[in-house]
Amino acid sequence: MSRDVNDIVMDQMVASDWPEVRSIYLEGIETGNATFDTEVPSWEEWDQKYLQDCRLVAKIGKDVIGWAALLPTSSKKAFAGAAELSIYLSKASTGKGIGTKLMTYMIAESEAKGFWTLQSGIFPENKGSIRLHENAGFVEVGVRERIGKLNGVWRDVVLLERRSRVVGLD
């Protein structure tokens, strides 16, 4: 199947997308450089963890080839416009501009929903993801050294942040 960026359709994620979203998330887990998670949660766990707004899938035809969703950064009302971004592509879809398209769409969608700050924590070894974020206007805030263990090994996380140029300017 072709994975051309011009064939990509962005859509709101629905529960029926979960099997493909789950599969893509599992591919990320298997790289060892995408998440501290070692297992994919159930749909119910995932659904409760992520915000209801800004859950997107990238599709070619009916096939989900990528997804992006937001997590709350805090329960404090003052931080309601700040969210953590998760973005994943299937292995077969990397390096083709699909991540850029999904990221661009997510930024527009998040701003339309009133989010003024997006942040991501990325393992330093995940150079492609760091480059994707920087190309979308994220800046490195710092490195959280030895923030957690993955499979018994301490890992650093690069914290990147993007401040909206259209939301939260008052």
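Where do W43 and W46 both lie, and how many residues apart are they? Both tryptophans lie in helix α2 (residues 43–49), three residues apart, about one turn of the helix, where helices are DSSP runs of H or I with at least four residues, strands are runs of E with at least two, and both are numbered from the N terminus. This is a predicted model, in which local features need pLDDT of at least 70 and side-chain atom pairs count only at pLDDT 80 or more, while totals for chains, interfaces and linings use all residues. Residues are numbered from 1 along each chain as its sequence is written, and side-chain values use heavy atoms, with hydrogens and water left out.

**Aromatic pairs**

- A search of the whole structure finds ten aromatic pairs, counted when ring centres of Phe, Tyr or Trp (its six-membered ring) lie within 6.5 Å, with planes under 30 degrees apart called stacked, over 60 edge-to-face and the rest tilted.
- Y25 and W67 form an edge-to-face pair, 5.8 Å centre to centre with 65 degrees between the planes, and this pair links distant parts of the chain, Y25 in helix α1 (residues 18–31) and W67 in strand β3 (residues 63–72), 42 residues apart.
- W43 and W46 form a stacked pair, 5.6 Å centre to centre with 20 degrees between the planes.
- Ring pairs link W18, Y25, W43, W46, Y50, W67 and Y88 into a cluster.

**Burial**

- Y25 counts as buried because its relative accessibility is 3%, the limit for buried being under 20% relative accessible area, with exposed over 50% and partly exposed in between (1.4 Å probe, protein chains only).
- W67 is buried at 0% relative accessible area, and both W43 and W46 are buried.
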